[in-house]
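Hi,

Here is the structure I promised to pass on. Have a look at it first, and then read on for what turned up.

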Amino acid sequence: SFKINNNPVAVTTAESSGRWRELLGDTGTVELEIDAAGLYQKDAPGHLLPTLVASGASQIFQLVSAASSPGITIVGSFVVSEYEASATYNEASTFTVKLMSTGAPTITYSPAATTPA
């Protein structure tokens, strides 16, 4: 939502479906930017992410968050626009990464959300 002269302006209608707010249904694109950081053992992601950021190629990712309620799963094609790994910690590497969607991602909630966000 946004305001003009401190007056709220409605940007959705009762016909809007799903969890996206719609200005003009099905006429726009959905873009998603994800910043993440973490710790991983030396395995495939440690080799895949630097290769993807260097090449600029897109890759299908499935991102799962079970820490929230409901849990969220995002599946889509992303470009790794930034990646940085630092020194190891207890035989694992720390990293930061930025993913930019190259198409509309699919977002599902588990269990299904009963109220809109």
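To start with, which side chain meets that of Glu33 in a salt bridge? The partner is Lys98, at 3.5 Å from N to O. Keep in mind that this is a predicted model. The Glu33–Lys98 pair links distant parts of the chain: Glu33 sits in strand 3 (residues 33-41) and Lys98 in strand 6, 65 residues apart.

The structure has 3 salt bridges in total. Another one joins Asp35 and Lys98, at 3.9 Å from N to O. Asp35 belongs to strand 3 and Lys98 to strand 6, so this pair ties together parts 63 residues apart in sequence. Then there is Glu82 with Lys98, at 3.7 Å. Here Glu82 comes from strand 5 (residues 71-89), so the parts tied together are 16 residues apart in sequence. Through shared partners, the salt bridges join Glu33, Asp35, Glu82 and Lys98 into one network.

How accessible are these residues? Lys98 counts as buried, at 19% relative accessibility, because the cut-off for buried is under 20%. Glu33 is partly exposed at 45%, and Glu82 is partly exposed at 46%. Asp35, at 56%, counts as exposed.

One more residue to look at is Ser101, also part of strand 6 (residues 92-101). Ser101 is buried, with a relative accessible area of 14%. A polar atom of the Ser101 side chain lies 2.8 Å from the backbone nitrogen of Leu32. Val79 is 22 residues from Ser101 in sequence, and their C-alpha atoms are 6.4 Å apart in space.

Cheers

Technical notes
Residues numbered from 1 in each chain as written. Predicted model: local features only at pLDDT ≥ 70, side-chain atom pairs only at ≥ 80, totals over all residues. Heavy atoms only, no water. Helix = DSSP H or I, 4+ residues; strand = E, 2+ residues; numbered from the N terminus. Buried < 20%, exposed > 50% of the residue type's maximum accessible area, 1.4 Å probe, protein only. Polar contact = N/O pair within 3.5 Å; in protein donor to acceptor, adjacent residues only side chain to side chain. Salt bridge = Lys/Arg side-chain N within 4 Å of Asp/Glu carboxyl O.
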